[in-house]
Amino acid sequence: NVTLMYLSSCSVVQCHRTAGIGVCRLHTSSSSASSKEHYKVLVLGGGTGGIAMSARMKRKLGAENVAIVETSEMHYYQPIWTLVGAGVKSVAASGRPTASVIPPGVKWVKSNVREIDPDTHTVRTDNGMEISYQYLIVALGLQLHYEKIKGLPEIDDWEEFKIGSNYSVQTVEKTWSALQNFKEGNAIFSFPNTPVKCAGAPQKIMYLTDAYLRKTGKRATANVMYNTSLPVLFGIKKYADALWEIVKNRDIQVNLRHNLVEVRANKQEAVFENLDNPGETEVFEYEMLHVTPPMGPSPVIKGSSLADEGGWLDVNKETLQHNKYPNVFGIGDCTNLPTAKTAAAVAAQSSILDRTISKVLKNEKPDTKYDGYTSCPLVTSYSKVILAEFDYSGQPLETFPIDQSKERWTMYQMKADVMPHLYWHGLLKGFWGGPGPIRKILHLGMK
């Protein structure tokens with residue numbers, strides 16, 4: 001990769017070369033100095049939801065009327081990190097420069113959001129800017145809280161102590177390292193006692209670990225263990241039943257209502273609280289530990305009048321319009337929508353939110369309703385996936401007219417190779433709004 005950047009007082013031209021192809025993007029950019037600006041639509045967050053909605057708003061209103069606040073230089077396709085942690089994909093292949101995914105011409109405010117004041121329609125950033133807006137789209141994602149696990153922040157070298165986590169770009173490759181260096185003992189996988197993004201990911205890496213240990217002849221001396229805070233293996237019964245069969249057949253131990261509270265790295269011990277008997281803990285020795293960190297709402301939302309009691313963005317579950325401020329909208333992990341937090345959910349939400357904003361712009365009542373569609377491709381081996389799809393009611397809402405609770409090679413190919421293309425070239429460009437139309441065709445309009 002070769003990256004060249006030209007700076008002036010008002011713009012950034014970033015040219016990067018990937019696989020021999022040069023790409024240049026022009027963005028007006030602000031990085032410092034106190035100033036005031038106004039935009040018709042201001043998007044907070046340059047993750048999946050923020051980029052997708054920026055692209056849609058650019059087409060609707062023109063690039064000059066749209067700005068996005070995001071501090072990160074790189075944008076990552078996080079769903080592929082499951083396969084990075086298992087040694088199938090590289091972490092480098094999961095990321096692209098943020099400048100290459102922000103729609104050309106849209107103003108990029110390269111900073112963190114410091115404060116949102118919906119009463120004065122104003123956002124303040126860390127670099128001293130004050131931005132007013134007519135409409136606000138909040139897509140700030142959620143926060144990872146590794147520091148809430150006692151002993152974890154003090155560990156300088158996760159690799160030395162055989163710890164990994166597929167939830168962070170800094171730690172995902174450490175999962176693969178721990179897997180390769182496994183000799184014998186417990187391989188433990190945790191699930192925290194908080195809302196999480198991609199609730200299937202903590203157990204996907206467990207199935208891949210089991211498969212890898214079998215492939216390398218180490219499974220006989222390994223005990224693969226899933227310690228989850230939840231009272232169930234998976235939230236949707238149809239898929240949970242299929243997963244229980246898999247864990248039984250592969251001799252995987254599942255401990256429900258176990259929450260990781262401490263890591264004693266020097267002893268290679270993990271301490272779990274029994275949530276059915278608070279205060280009671282159990283110590284497990286480990287040879288490999290995959291940590292899914294506790295997660296929580298963005299502190300910027302939590303500290304504003306936009307939040308519900310839990311600190312999440314308080315939006316209407318059908319229209320994604322804020323329940324108190326009609327010119328504020330939300331998408332993705334930062335919201336209090338009662339569905340699983342996934343990129344697939346963001347895709348479906350982006351289509352609904354596009355329609356909602358179109359109606360609001362015309363002073364009409366939003367008429368399209370989000371049904372809570374979300375999806376989790378449950379990777380169960382290096383060649384099989386159970387494609388879980390469901391809605392607010394917890395009922396399966398499957399795209400294909402087959403039983404998706406069965407492990408399938410075709411679904412693995414879709415997860416590993418088709419979905420990344422759909423993400424970069426469809427969802428982020430504002431063209432992919434989920435599989436709803438395909439589902440209707442394949443089910444002859446019945447679903």
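Phe-234 and Phe-390 are both buried, where buried means under 20% relative accessible area, exposed means over 50% and partly exposed lies in between, with a 1.4 Å probe and protein chains only. Residues are numbered from 1 along each chain as its sequence is written, and side-chain values use heavy atoms, with hydrogens and water left out. The model is predicted, so local features need pLDDT of at least 70 and side-chain atom pairs count only at pLDDT 80 or more, while totals for chains, interfaces and linings use all residues.

**Aromatic pairs**

- The structure holds nine aromatic pairs, a pair being two rings of Phe, Tyr or Trp (for Trp its six-membered ring) with centres within 6.5 Å, and planes under 30 degrees apart count as stacked, over 60 as edge-to-face and the rest as tilted.
- One of the pairs joins Tyr-76 and Trp-81 in a tilted arrangement, with 5.7 Å from centre to centre and 55 degrees between the planes.
- Within this pair, Tyr-76 is partly exposed at a relative accessible area of 24%, whereas Trp-81 is buried at 4%.
- Phe-234 and Phe-390 form an edge-to-face pair, with 6.2 Å between the centres and 85 degrees between the planes.
- This pair links distant parts of the chain, since Phe-234 lies in the loop between β15 (222-228) and α6 (237-249) and Phe-390 lies in strand β24 (residues 385-390), 156 residues apart; here strands (E, at least two residues) and helices (H or I, at least four) are DSSP runs numbered from the N terminus.
- Tyr-77, Tyr-423 and Trp-424 form one aromatic cluster.

**Charges over rings**

- The charged end of Arg-96 sits over the ring of Trp-424, a member of that cluster, at 4.3 Å from the ring centre; a charge sits over a ring if NZ of Lys or CZ of Arg is within 6 Å of the ring centre and within 35 degrees of the ring normal.
- Lys-317 lies over the face of Tyr-392, 4.5 Å from the centre of the ring.

**The open sheet**

- Five strands make an open sheet in the order β13-β20-β14-β15-β16, with parallel pairing, and two strands pair if DSSP finds at least two bridges between them.
- The edges are held by β13 (163-164) and β16 (253-255), each of which has a single partner strand, so one side of each is left without a neighbour in the sheet.
- Strand β14 (residues 185-191) runs parallel to β15 and is joined to it by seven bridges, with Phe-189 opposite Tyr-226 in β15.
- Six of the seven residues of β15 are buried, so this strand is largely enclosed by the rest of the structure.

**Strand β11 and its partners**

- Strand β11 (residues 129-138) has seven of its ten residues buried, so it is largely enclosed by the rest of the structure.
- Strand β4 (residues 35-44) pairs with β11 in the parallel sense over nine bridges, and Glu-37 stands opposite Ile-131 in β11.
- β10 pairs with β11 in the antiparallel sense over three bridges, and the bridge partner of Val-123 in β11 is Ile-131.
- The hairpin of β10 and β11 has three residues between the strands, and in this hairpin Gly-128 takes a positive phi near 90 degrees.
- Strand β22 (residues 328-330) pairs with β11 in the parallel sense over three bridges, where Leu-136 has Val-328 as its bridge partner in β22.

- Most residues other than glycine have a negative phi.
- His-121, which is not a glycine, has a positive phi of about 55 degrees; this residue lies in the loop between β9 (113-117) and β10 (122-125) and is partly exposed, with a relative accessible area of 33%.
- Arg-257, likewise not a glycine, has a positive phi of about 60 degrees; Arg-257 is found in the loop between β16 and β17 (258-264) and counts as partly exposed at 22% relative accessibility.
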